Structures are given as structure tokens and as C-alpha cells.
Amino acid sequence: MPGTTAVPDIELVVEDIGGGGGGPTAPSGGSGDGDDGNKRRRPGGPPSPNRYYTGIALGIVSILMFFMALASAFLVRRGTSGDWIPVHLPAVLWLNTLALIASSFTLERARRSLSRLNLSGFRKLWTITTALGALFLIGQLVAWRQLVAQGVFMASNPASSFFYIFTAAHGLHLLGGVGALLYVLVRKFDKASIALPTAAEIASYYWHFMDGLWIFLLALLYLGK
Amino acid sequence: MATNDSCTSHPDTPQPGFLSRYVFSTNHKTIGLNYLWLALFSVFLGLAMSLLMRIHLVWPGAHLPFLPSLGNSPDRFAALTTLHGSLMVFLVLTAAPQAGFGNYFLPLQIGAREVAFPTLNLLAFWATVASFVGLTGAFLISPQSGITLWIVSVAIFCAASLFNALNFSVTTIDLRAKGMSLPRMPITVWAWFLNAILGMLIFSILLAACAYLLSDRLLSAHFFPSLNFIANQPASVVAKAVPVLWQRLFWFFAQAEVYVAVLPCFGLTTHLVSTFSRKPVWKERLVVLALCGVGLFGFCVWGQHMFSSGMNPFSPLVFSLLASSLGLPAAILLLSWLGTLWNARIQLNTAMLFALGFISLFLSGGLSGIFLARHDLAAASVSDDFVTGHFHLVMGVAATFAILGALFFWFPKLFGRRLNEPLGKLHFWITFAGVYCVFMPMHWLGLIAHSRVSPDSPLPSVAAAGSSMRTFITVAILLTVFAQGLFLINFLWSLIRGEKAEESNPWRATTLEWSVPSPPPLDDFGLSDPVVYRGAYEFSVLDVAEDFLPQHLAPEQSAKARESGE
């Protein structure tokens, strides 16, 4: 981050040699230059990869605000209504939760293999993580089916409305996470402006956040019924 | 300093077609301009609607060309009001100062060549266009599906604003040029940045509210009990409950929107006042703090709604808090503007006139806000002419003045030509007088209606004055709207035939966007990345040839300029 106030003047007068605006974490190899050069010349190289870290941090805050708004409405609505019939949470939800927590562990294992440059191990663990994420989503659909079979619909009562919208909103966000995991798995990173370790790290932040968010929502649904 | 060989640097790339140059371009300048065009179109559409409404209020029997085909019922009039409001608030006041000017000038002013995520930026723009189409389309289809479409469009707009806000904040944090430390950032950048952070927090709350509303409407969920309550009641109860419900939803958006619309305008005004007073911003650090304060209060008041009173925005205490919490930062900003203007050699061109107009409108609008902060009075006159006058003055018109000032200021940079100054000044004075003639009597009308509420003082003579006052307002608004024709003529004429801005820095301003040719080349800064050496408001510097030091000028060059000046 270019944040220093006292910049030595002599250094600055010299024609810019590149790396301007570059952060402490340099991408592995300058492969990004070639791709961006097609569109326009970037004397300083591609903009710093810091933007991905800042972006995911701010994005997480923003998504958190979204779910906090949902959750606060849940608490207020529960306190003020007389038509609240608690939803009996299907047992499959606990299995789903286990799968999601396990996926966070395999994700970290995958990133550790990546840092040891064990690419095949990374790919295997990353695939397992993606599969566990998909398993979670399928499990959530199963939970919906079970509730529907019991005759609990979105329109049944406020509690069921909240159950469906929480799971749907989280599921949609997690679907985005699965997409990000697949992107990391499939994308050829030698031509991208983002390096593989960076992409994996960004995806992992989002994934862990989704994991924690689900546990929060589940606790809310379980304790708040 | 600036190089202009960007077009010749890669001759092998073919000239891109219309679609890739204007429609699918991820270039921040193209997207910023597209936002401005969209806002320009919306503002004239919205103006036409306000004209229709005022004419209908005063001469209900008048035959209007456009209205009867849509059905001449009262709910059509209400829909017209809604459409006028949503177009103006979302696509003009929110989009133009933030997404429009911000997209174009935020990267230029911090020395970045692009926003952080260009593709996301393009997506945000087209989502905004989609929401514009939806908002307008909601007026044309049947009311029930129209309301659903309207909510969907607002949700899309929220998502677009979130993308935009994410882009702006990451760009400001990570893509600044060498030497552009936080204290050196122009106030405009500060305002865009803080507004982006505020927007990122509140638009996701609005999005959540939209998700609830839509589930209630489409999937008959039970989030807002009153919706279901109304559906099961006889029509007479519905008639009483609907306005309350409407106000409730309205404040959901308005509460946050006021800050989102006005924050970038504070930045623009501060920038213009400093540049055309040829003086540094008075107490610049304090101004930044005040802007932070506006953002913080804007969020906290909203947060209070969400967390303490939940989904119920009808706490009078919160209304009072909202009005008074904005007071301190607003006072600081006002003091800074006056302090900058004090003893300055003011250049009264059109851009500066509009900036001063903003200050005047903000002050008078803000003063009437103090009355509204007393919630007993506000309760009597909510949805009344007093409120209409108040928020149009402080939010709508004031922000429009800031936008127009910014347009006059940046027009040479955007298009390489200048707007016509005499025509611009004429437009300013008619508009300035016009908006006061429109909205000041509205305050009066509100007070008259208020005095009629109490039974012991009917004041028939004053009430009789009301109708003539309404006619006066309508005539004034006719004149004001037609004065905007002057602006349109000036704008289109200058675009094609305007006086060419020969130099890249016609206003002798300091920030980075003036160091590049007008209009800026595709890659903004040519071959070498810009480097920043000083703060953004180095005006009235004593021993230099001219009275200002641009941010990009190296100390050696400024020393040379000093010698040649002596």
C-alpha cells in the first residue's frame, strides 16, 4: 500500500521501474503482465493483488450485514407475534453441518499441500472440499423435502418462513462458494492476473466465513425456536 | 508530464466497435459517463413527471396528453409520485454523484488506471440500467404486479450499489499512486470512499428487507405481519392502513438514502469551493472527520432502527436523533466552507455559483429540518407540504446543484470542450430563484395546514391564500423546468460546438485528473505512472509562478518554475 508520507524525492524522480503500488505479497512470477498488456500498457504491472484481500474482507462485512438484518428481523418478529409455531429441525441438518465443518478442515489441508508445492495432493483435497460443499447443499434440499413432507411450507407460519429464507439465502451464498472452489480447481492460472495461492486463499476465507455463518444461523434457528 | 501516445502505442489492435467501446467496455471512464447519461435521461423524465403532478394539482380538469391513456384514477397519481421519487432518488441523486462522477474521477484523482474489479463495475452498471427499466416498467403495468416489479428493481439497484461500493472502497484502499497517502487524498475521494463504505453496510440491509418483502408478496411468507393483516381486512380498514404501510416502506429507503445522496455532494462542494476560492480547504482534517461523522451517524441511526426497534422505523425519538445527529458534522462543513471563502479572491464562474447555491440550499433546507426534529410538529405535518418542501430543498435540489457544479467543473475534462458560461449563469440564476419560489411557499402551505388542524384557530383567510399559493408554486415550477431547457441546450451545443478547452488544466486545479490531456486517453496516465508529492489543496502558494502547486509536480520542477517566475 502506498501510504508513506515521507517519500524520498530522488527515488521518485527516477523513471518508474515498476512495482509501483505493489504490496508486500508479490504474485509468483510476472505472468500477469502479458495478459493485461493486450488491453493496455501497464507500466507498473497489474494492480496489487492486495485488492483481492481487501475485496473479500469488505465483501464479507457486507454479506454479514445482510445476514444480521435477516437475523435481527427474526428476533424482533419472534418477540412480537402470536402466530409463531416452532419448526422441528430435520435431523439431516446435523449431518450437513458435519459435512460443512469437515470441508473447512480439508480446505486447510489442501492449502497446506499447496504451500508445500504438492499440487496433486492439493487437487485431491480441494476436490474433496468441493464435493463436501455440494453434499451440504444436497443435504439442505433433503431437509426441505422432509419439511415439505411434514406439511411445513414457507407460507405455513413465521417460524417456517424464517427457516426457509435463512437456508435459502445461506445456500445461495454457499453455491457461490462452491463456484469459487470449482474456479480455483479448473482455471489455468498461468494466464490469469491472480496467482493460484492467492485465489485459493481468497476462496478459503469466503468458505470458512460461510461455514461459521451456517453455524450461527443454525444456532439461531435451534435456540430461537 | 503527460504523454498522449496511448493511441499509437499499440497499432496492431484494431479499432474496437461501438459495442465493445461503449456498451461492454470495462473502462472506468466509459462506465462513469454511461451512468451520467442514464442520470441525465432520468432527471428529465422525473422533471416531466413533477410537472404533470403540479399541473394536475392546480388544474385537475386540464387535459394532459399522456395521463389519460394510463387511466385517470387517484392511484395513478400516487404511482406517478412513486416513480418520480424513485427515479430521482435512485438513478439521479444516488447514481450520478457517486457512481457517475466517482467512476470517472476517483481512479483519475488517486492515480489509478482502473477500478479494482472492472468486470464487476460493468455488471453493476447494467444492473442499474435493468433497475431503471424495471422502475419505469412498474408504472406501466397493473398496480399489483407493478409493485412487485418495483421491489425487484429496487433490490437489483441495491445489488448494483453494493458492487459499486465494493469497487470504490477497494480501489481507494489499494490502488492509490505512489505518494498518494490518505491525508493527501482530495476531499472528493474521501467523500466517495466514505460513501462507498456506508453504502456497503446499508444497501445490504435494504437488500435483506427487499428479500423479506418479496417473499411475503410472492411466496406468501409471514415476515411483515401487517401485509397479511391488510389482505384479510375489509376495504375501509385497508384505506386507513395503506398509507401507514407505505410510509413505513418509504422510510426504509429514505433514511439511508439521504446520507448516501448527500455525502458525495459535500465532497464535490468542498472541492469546488477550495479551487475557485484559490485557497486550501479550511481545516481540511476536520472536514474529513466531519464526513466520517456523517457516515457514522447515517449508519448508527439506521442501525438503531434495525437493532433496537427492529423493523419498526416509527420511533419518534429516532427521528429526532437523526435530525440532530447530523447537526454537528453539518455545522463543521458549513464553517469550513465559509472559512475557505473568507477573504478569498473568489472566481464566480458557473461551477462556483452552483457550489455556493448548494451551500445556500443546504443551509435553508437544514434550518427547516430543525422544526421537523420536534417530533410533535413532525407528527402533525408528516407527508405534508412542509416535509415535501424540506427534503426537496435539502436533498433533491441541493444535491442537484452539487451535481451541476461538478458537471460545469469537469466538463472540459470529460469532453475537451467548455460549457457556455453566460448561458450557464443565466440557467443558474433562474433555477436558483425558481427552486426557492417553488419550495419556500411549500413550507408555508405546510404551516397553514398545520394551523388548520387546531380547532380554535381556523384562519380562513390564510387558508384561502393556500390555493393561490399552490398556483404560484406551479407557475414557478413550470418556469424552473423550462429553464432546464437552457441547460440542455447548453449541454448539447457545447458537446458538439463548444469552445475547445485547449489546455489540460483550464481551472488551474491541483488534482491528478488535470495533469492528463482532455479527454483523458484510454489508459489515463500514458506511459509513466503518476507520482504524488503533496496534498490536494496547495492554493495561494507564495513563491511560485502561478498561485497553485499541482499534486504531481516534482519539487525540482516547482523550484524551476519558481526561478523562472522571479
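Reader: Does H2(B) pass H4(B) in a left-handed or a right-handed crossing?

Author: This is a predicted model, in which local features need pLDDT of at least 70, side-chain atom pairs count only at pLDDT 80 or more, and totals for chains, interfaces and linings use all residues. Residues are numbered from 1 along each chain as its sequence is written, while chains are lettered from A and ligands numbered from 1 in the order in which they are written. Helices (H or I, at least four residues) and strands (E, at least two) are DSSP runs, numbered from the N terminus. A crossing is left-handed if the near helix is turned anticlockwise from the far one by less than a right angle, and right-handed if clockwise; that of H2(B) past H4(B) is left-handed.

Reader: Which residues of H4(B) make the contact with H2(B)?

Author: Two residues are in contact if their C-beta atoms, placed from the backbone, lie within 7 Å. H2(B) contributes His28(B), Ile31(B), Asn34(B), Tyr35(B), Leu38(B) and Ser42(B). Facing them on H4(B) are Asn121(B), Leu122(B), Phe125(B), Thr128(B), Val129(B) and Phe132(B).

Reader: Why is H2(B) described as roughly parallel to H4(B)?

Author: Axes are lines fitted to C-alpha atoms, for helices over the stretch in contact, and angles run from 0 to 180 degrees between N-to-C directions. Angles under 35 degrees count as roughly parallel, over 145 as roughly antiparallel, 65 to 115 as roughly perpendicular and the rest as oblique. The axes of H2(B) (residues 28–58) and H4(B) are 10 Å apart, and the helices pack at an angle of about 10°. H2(B) therefore counts as roughly parallel.

Reader: How many charged residues are in the contact of H4(B) with H5(B)?

Author: The axes of H4(B) (residues 118–140) and H5(B) (residues 143–174) come within 8 Å and cross at roughly 160°, so the two helices are roughly antiparallel. Ala, Val, Leu, Ile, Met, Phe, Trp, Tyr, Cys and Pro count as nonpolar, Asp, Glu, Lys and Arg as charged, and the others, Gly among them, as polar. The crossing of H4(B) and H5(B) is left-handed. By class, their contact has 16 nonpolar and nine polar residues, and the number of charged residues is none.

Reader: What share of the residues in chain B is buried?

Author: A residue is buried if 20 or more other C-beta atoms lie within 10 Å of its own, exposed if 12 or fewer, and partly exposed in between, with C-beta atoms placed from the backbone. Chain A, with seven helices and zero strands, has 225 residues, of which 35% are buried. Chain B has 17 helices and two strands. Of its 566 residues, the buried share is 49%.

Reader: Which residues of chain A are in contact with Met200(B)?

Author: Met200(B) lies in helix H6 (residues 187–219) of chain B and is buried because it has 23 C-beta neighbours inside 10 Å. Leaving aside neighbours within four places in sequence, its contacts in chain B are Leu162(B), Ala165(B), Leu166(B) and Ser169(B). From chain A come Leu58(A), Val61(A) and Ser62(A).

Reader: Which helix gives the most to the side of domain 1 of chain B that touches domain 2 of chain B?

Author: The domain bounds, from an automatic or database domain assignment, are 348–501 for domain 1 and 503–566 for domain 2 of chain B. Their contact takes eight residues from domain 1 and six residues from domain 2. With five residues, the element that gives the most on the domain 1 side is helix H14 (residues 385–415) of chain B.

Reader: Is Leu407(B) buried or exposed?

Author: Leu407(B) lies in helix H14 of chain B. Since Leu407(B) has 23 C-beta neighbours inside 10 Å, it counts as buried.

Reader: Where is the cis peptide bond that has an omega of about -15°?

Author: Most peptide bonds are trans. Pro519(B) is in the loop between strand E2 (499–500) and helix H17 (555–565) of chain B. The cis bond joins Ser518(B) and Pro519(B).

Reader: Is Asn343(B) buried or exposed?

Author: Asn343(B) is found in the loop between helix H11 (327–341) and helix H12 (350–373) of chain B. Its phi is near 60°, a positive value in a residue other than glycine. Because Asn343(B) has 9 C-beta neighbours inside 10 Å, it counts as exposed.
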